[in-house]
Amino acid sequence: AESHDVILEDLGISNKQSSRYQIIYKTPEDKFNQKIEELRLSFLEPTTIGLLRSIYGAHVGQNSGENEWYTPPKYIEAARKTMGSIDLDPASSNEANRIVKADKYYTISDDGLKQEWFGNVWLNPPYSQPEIEYFCSKLVESFTKNEIEQACVLVNNATETIWFQLLIRSCKALCFPKSRIKFIDKNGNPGGAPLQGQAILYFGNNDFYKYFNQFGPILWTTVEK
């Protein structure tokens, strides 16, 4: 008998595309519809990648649907050497702080946006909207008001967004890593490359170049504080 089985290759669909479609298929209908409407109101095309970024944040590049991905230790240690210490991580978890080792950290249940920010801050904010804009706004405001002394912020290099423009207008320098950062899972295993590149922005007056030049080119701003 003739077989009528169709494989992905016959349809012109790669394994990576198939994984993305499966993640979207498993998304609750109400959340899916909400994200479609947000993209429409932002005049953005609701592409597969756009939907994944909107629903799960940048780290869905691992194609697993997992949203708990942590920064590799080498970037954390570079930030610690630059600032001298990490006093606060306002967007963290118990698992994440095993790597960051901040003196104080706020979890999602603490709601870091409602807490006091102080000292030297490491921030890898939630990558979903509107949370990322709220965290970036609070960091800039806290730095401008001298409530925090220094900060290192790891975000996507989404230079066209409101929150990235806000950060870059207040930071002293930023690093564009030479390759996309492979975040690690809760077991310490690196995932695949995210869907886009990242940037690390520095707020303060210490030698950011000395410790971050190894990762990629450093750009200086004209901001003075």
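**Entry 1: the end of α5.** I began just after helix α5, where G84 takes a positive phi of about 95°. Helices here are DSSP runs of H or I with at least four residues, strands are runs of E with at least two, and both are numbered from the N terminus. A note to myself on the source: this is a predicted model, in which local features need pLDDT of at least 70 and side-chain atom pairs count only at pLDDT 80 or more, while totals for chains, interfaces and linings use all residues. Residues are numbered from 1 along each chain as its sequence is written, and side-chain values use heavy atoms, with hydrogens and water left out.

**Entry 2: α5 itself.** I listed the buried residues of α5 (residues 73–83) and got Y75, I76, A78, A79, R80, T82 and M83. Buried means under 20% relative accessible area, exposed means over 50%, and partly exposed is in between (1.4 Å probe, protein chains only). What covers these residues? I found that the cover includes α6 (97–100), β3 (119–123), β4, β6 (198–203) and α9 (208–212).

**Entry 3: Q150.** Next I went to strand β4 (residues 148–156), where Q150 is found. Is Q150 buried or exposed? It counts as buried, because its relative accessibility is 8%. Its side chain makes a polar contact with the side chain of Y202, at 2.5 Å. For that term I used a pair of N or O atoms within 3.5 Å; within protein, one must be able to donate a hydrogen and the other to accept it, and residues adjacent in sequence count only if both atoms are side-chain atoms. Leaving aside neighbours within four places in sequence, I also see Q150 in contact (heavy atoms within 4.5 Å) with residues including T82, M83, G119, N120 and V121. T82 and M83 are among the buried residues of α5.

**Entry 4: α7.** Helix α7 (residues 131–144) has 14 residues and reaches 20 Å from its first C-alpha to its last. That is close to the 20 Å expected at 1.5 Å a residue, the expected span being 1.5 Å times one less than the number of residues. Its buried residues are I132, F135, C136, K138, L139, V140, S142 and F143, and they pack against β3, β4, α8 and β6. Just after α7, N146 takes a positive phi of about 65°.

**Entry 5: the core.** Which residues have the most contacts inside the largest nonpolar core? They are L139, L167, L201, F203 and F212, in a core of 51 residues. Such a core is a set of buried Ala, Val, Leu, Ile, Met, Phe, Trp, Tyr and Cys residues joined through side-chain atoms within 4.5 Å. Not counting residues up to four places away in sequence, L139 touches W117, V121, L123, I148, A151, V153, L167 and F203.

**Entry 6: two loop residues.** T159 lies in the loop between β4 and α8 (162–168) and, at 37% relative accessibility, counts as partly exposed. T159 and A199 are 40 residues apart in sequence, yet 9.4 Å apart in space, C-alpha to C-alpha. R180 sits in the loop between β5 (173–175) and β6, and is partly exposed at 42%.
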